[in-house]
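Dear colleague,

Please find below the sequence and structure that I am handing over to you.

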Amino acid sequence: MRKPTSYAKYLSFFNEKAFAWACYFLVIGLFLSRALVSISCVLIVVFGLLNYFNQEVKKRISLEFLFFPLIYFVLLISFFWTSHFIIWQKLIFVNSIFLLLPIGMYFGPDFLKKEVKNIFLLFSGLCFLLILSTAFKAILNYQQFIDEVERSKNLMLPIGPDHSEMSVLSVVAFFIGINLYQTEKTKWLKTFFLIALISFFIALNIIAFRFSLICIYLMLMLYSLWSIKKAPKRSLIYLSSLLMIPILAFLLYFTLPSIQKRVQNTLTDLRSVTSDRNPNFQSLGQRWAAMKCSWEVIKKHPFLGTSPADAEFEIQRQYDINSYLLIPQNRIFIHNQLIYYVLVYGIPFGLVFIFLLSKLFIKLYQRSPFYIMILLPFIFHMQIENTLEKQITANAFLFLFFLSFKQIKKAA
């Protein structure tokens, strides 16, 4: 085999470092700048391709790197049953990350173990700072904050993503923090991570984002159950923690008015669904009405769907037929990623999407259960939002998804 020249070695080193920095920029952009997210995606592709052309041994492509380009390909061919071509062209541009990130992450160099840790530190650190600053803002204007929660409002972050995007990123950051704490060997750093985790957990409870709280408590219980199975000799410890989680939730409920108001709002929301009450200005009620509306549209387009570009118009046309008691300003679009794919691409594609994604998650669990814990919040989020249609959550999910399948080198 031909030995690489010193120039080739230098170029390879540059590509590896530049690729890692492009990933750091992407993580920074997730919390601070949407423009930086777009720029860093392009840089990941550029440095990934440069690395590919400098490689002597080419990698074998696998399903995980073909999955999202497949979705993008279906979006492309939806042109043939689309009526609103200008919207279709916009979607082709907006969803280009389904093609760019897989290409960049596949062709890019393997990460060093230290680089992966730096990515996780940066991700969790930025999220911790934003959540803590938001909690501090709530405390400074506490009565106004409680009044807004009582009206089912969410506190706006000083900077960064909106509350819907931040709610899922914060859950991911929390479980990354747990992993950093568990794997850290240095005593003072381990203590620092523990203090940061406790502070972060308290801050999340203060600001009371509904999805964050439900998801964290649910996943803590799942994590405890998984730990009992993994380490049966320590099952008593994990069983105790499993019992303590709901007790902690009750204690915080009676301690923090923000949680009390959020729970009361959620129960009122649920009654609008279970008791078939007026769903106007009820988040869950409006979502339930949107799901019923979407199902009627799906029945009209079961095989190919409406196409993404026509979906909004078909939904509004169905609302004109049956308003589901919603006034025009509350007739929202479907907030569920899986149902969205069935709506726009048809039932066969929806089933294929669920099957392939499940297969990839099983494969990922066999490699590293930790990555399941940081990707599972996105799956939960897909049940209440179009997660992959939003810039921040889509980029975060795709990046962490492909990072989980990358080969990690232990040393330089």
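This is a predicted model: local features need pLDDT of at least 70, side-chain atom pairs count only at pLDDT 80 or more; totals for chains, interfaces and linings use all residues.

The core. The largest nonpolar core has 130 residues. Phe31, Phe68, Phe123, Tyr341, Phe397 and Leu400 are those with the most contacts inside this core. Leaving aside neighbours within four places in sequence, Phe397 is in contact with Phe68, Phe361, Leu375, Phe378, Met382 and Leu388.

Helix α16. This helix covers residues 347–367. At 1.5 Å a residue, its 21 residues should span 30 Å, and the 31 Å between its end C-alpha atoms agrees with this. The buried residues of α16 are Phe349, Gly350, Phe353, Leu356, Leu357, Leu360, Phe361 and Leu364. Viewed down the axis of α16, these buried residues fall within an arc of 140°, so they line one face of the helix. In an α-helix, residues three or four places apart point the same way, because there are 3.6 residues a turn. The buried residues of α16 are covered by elements including α3 (67–77), α15 (337–345), α17 (369–381) and α18 (391–405). On the face turned away from the buried side, α16 carries the exposed residues Leu351, Phe355, Ile362 and Gln366.

The largest pocket has a volume of about 1100 Å³. It is lined by 39 residues, of which Arg210, Asp269, Ser283, Leu284 and Arg287 are the closest to its centre. At least two lining residues come from each of α8 (163–183), α10 (210–230), α12 (257–274), α13 (283–300) and α17. The helix that gives the most to this lining is α12, with seven residues.

Yours sincerely

Note on methods. Residues are numbered from 1 along each chain as its sequence is written. Side-chain values use heavy atoms; hydrogens and water are left out. A nonpolar core is a set of buried Ala, Val, Leu, Ile, Met, Phe, Trp, Tyr and Cys residues joined through side-chain atoms within 4.5 Å. Buried means under 20% relative accessible area, exposed over 50%, partly exposed in between (1.4 Å probe, protein chains only). Contact means heavy atoms within 4.5 Å. Helices (H or I, at least four residues) and strands (E, at least two) are DSSP runs, numbered from the N terminus. The expected span of a helix is 1.5 Å times one less than its number of residues. The arc is that of the directions from the helix axis to the C-beta atoms. On a 1 Å grid over the protein atoms alone, a cavity is a set of points where a 1.4 Å probe fits but cannot get out, and a pocket is an open set with protein on both sides within 12 Å along at least five of seven lines; lining residues have an atom within 4 Å of a point. Grid points are joined across faces, edges and corners, and a volume is the space filled by probe spheres set on the points.
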